[in-house]
Amino acid sequence: MLDIKFIRENSELVKAGLASKNEFNKVDELLDIDKKRRELITKTEELKSRKNKVSADIAKIKREGGNVEELMSESRKIADDTKSLDDELKELQNNLDTILAWLPNLPHQSVPIGKSAEDNVESRRWLPDGFKFENDFKPLDHVELGKKLKILDFERGAKISGSGFPVYVGKGAALERALINFMLNYHIENHGYTEIMPPFLVNRESMKGTGQLPKMAEDMYTCEKDDLFPIPTAEVPITNLHRDEVLSEKELPIYYVGYSACFRREAGSYGKDSKGFLRVHQFNKVEMVKFVKPETSYDELEKLVVNAEAILKELKVPYRILLLCTGDLSFSAAKCYDIETWSPAENKWLEASSCSNFESFQARRANIKFRNDDKKLEFVHTLNGSGLATSRLMVSILENYQTPEGKIIVPKALQRYTGFEIID
RNA sequence: GGAAAGGUGGCAGAGUGGUUGAAUGCGGCGGUCUCGAAAACCGUUGUUCCGGAUUCCGGAACCGGGGGUUCGAAUCCCCCCCUUUCCGCCA
């Protein structure tokens with residue numbers, strides 16, 4: 001959520017920011033409502049102030065045994081007048097809140113202006129020693145490998161749940177489990193994160209807190225009877241851990257890492273890149289979440305990306321880092337880096353991580369504050385990044401580590417977790 | 001699913017219609033004492049919004065949420081939500 005005061009005082013800046021995010025501009029309507037709202041507040045509060053005085057007088061005069069009839073009827077009249085104004089005010093407030101809830105975050109100045117993913121800027125790439133984009137043999141894709149080695153079963157997944165619900169079998173399951181454990185341990189041991197194992201269902205407030213609701217309602221699964229939502233990312237429960245809390249300055253920054261299954265409806269995206277793991281309704285992800293002081297959040301973002309990269313370097317998976325342009329930035333993010341890993345069979349880069357700074361956008365929605373040096377309450381900045389999502393990463397691992405015979409060498413970093421070195 | 005209890009300030013915990021934004025304790029902050037610290041003592045200490053002023057002043061609202069009664073509600077009534085405990089069921 002953006003601060004209404006900030007919008008009021010920087011309306012041109014806000015308009016420009018929203019436009020760069022391809023966002024329909026409701027700023028003028030918002031400011032108009034805000035103006036009416038404030039006028040009405042002034043009006044009703046004057047009435048209420050008078051009423052409070054009258055009530056106090058009534059109490060006093062009554063104690064002294066005087067007549068209060070006249071005052072009581074005045075108070076009654078004020079109460080009547082206030083009622084309709086209060087209703088009007090409530091409606092304005094609701095309209096204001098609704099617009100604010102739908103308004104995305106503004107891009108940071110350092111974010112390149114652009115319309116779509118094509119305008120994203122590659123900031124760096126890393127390739128393992130001896131890596132070549134051209135293979136000496138024709139690589140099998142991950143679906144073919146999964147089938148041949150009997151480690152992935154997309155067909156039976158479709159039978160028991162629907163398309164986009166992969167089943168991991170045997171060494172495939174073990175590899176998946178190894179990958180999750182490796183990533184968690186790596187962040188805990190080397191990057192100072194505290195592990196969180198969160199609930200996979202959250203309530204409506206949590207979904208609003210991180211910005212999934214109201215805008216992305218179509219993208220998520222729902223449990224209507226209980227008004228709960230299967231999480232699309234562990235970002236939701238972990239960030240909401242501190243919803244409605246005042247954190248002490250001493251405990252910042254807070255670093256959490258957690259594994260969760262992630263559930264996404266992916267409504268409307270059928271047909272495009274939907275083969276195998278490329279687009280699924282359920283996948284596994286290790287997520288890093290940070291709560292930090294505002295002045296440090298952009299340094300923390302860079303560190304977050306480095307933390308995610310470290311995993312890929314350990315796994316020796318080729319990747320590149322993109323700085324997303326304004327038009328490709330998600331609803332809540334002020335700045336975001338995507339990490340893409342290389343798929344030799346698809347012959348393209350696949351998004352395996354997204355690392356974002358939300359500044360105070362989520363903190364304002366979720367009401368997460370800390371007391372600053374001046375003893376004043378201030379919203380924290382929140383960040384999160386995948387560290388990483390296993391599904392797309394698994395594509396890159398399987399395809400990059402395949403032998404000409406169609407076997408898979410287990411990456412060295414994972415071998416102590418799998419207990420085997422080869423899948424054949 | 002059944003039954004009971006309860007939701008009050010950073011925390012603990014009083015408060016059943018009229019200076020109660022709320023006793024008391026803890027914590028926090030400032031001070032006295034001290035070489036320093038602890039202890040002790042004194043003082044201070046909520047949030048949000050509106051209006052005006054560059055440390056502030058005035059006003060409004062807030063005791064789980066929403067309605068209602070009343071001149072006046074933390075306090076009375078109704079609805080909802082949540083938590084805890086017990087029973088049942090169950091991995």
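Biologist: How far apart are the closest N and O atoms in the salt bridge of Glu12 with Lys15?
Modeller: This is a predicted model, in which local features need pLDDT of at least 70 and side-chain atom pairs count only at pLDDT 80 or more, whereas totals for chains, interfaces and linings use all residues. Residues are numbered from 1 along each chain as its sequence is written, chains are lettered from A and ligands numbered from 1 in the order in which they are written, and side-chain values use heavy atoms, leaving out hydrogens and water. A salt bridge requires a side-chain nitrogen of Lys or Arg within 4 Å of a carboxyl oxygen of Asp or Glu. For Glu12 and Lys15, the separation of the closest N and O atoms is 3.5 Å.

Biologist: Which helix holds both Glu12 and Lys15?
Modeller: Glu12 is exposed at 56% relative accessibility, whereas Lys15 is buried at 18% (buried is under 20% relative accessible area, exposed over 50%, partly exposed in between, with a 1.4 Å probe and protein chains only). The two residues are 3 apart and therefore separated by about one helical turn in a helix covering residues 11–20, namely α2.

Biologist: Which residue has a side-chain N or O atom 2.3 Å from a phosphate oxygen of RNA strand B?
Modeller: A polar contact is a pair of N or O atoms within 3.5 Å; within protein, one must be able to donate a hydrogen and the other to accept it, and residues adjacent in sequence count only if both atoms are side-chain atoms. A polar side-chain atom of Lys83 lies 3.5 Å from a phosphate oxygen of RNA strand B. The 2.3 Å distance to a phosphate oxygen belongs to Lys90.

Biologist: Which element gives the most residues to the surface near RNA strand B?
Modeller: A residue is near the strand if one of its heavy atoms lies within 4 Å of it, and 23 residues surround RNA strand B. The elements giving two or more residues to this surface are α1 (4–9), α3 (27–63), α4 (69–102) and β11 (368–371). With 13 residues, the element that gives the most is α3.

Note on methods
Helices (H or I, at least four residues) and strands (E, at least two) are DSSP runs, numbered from the N terminus.
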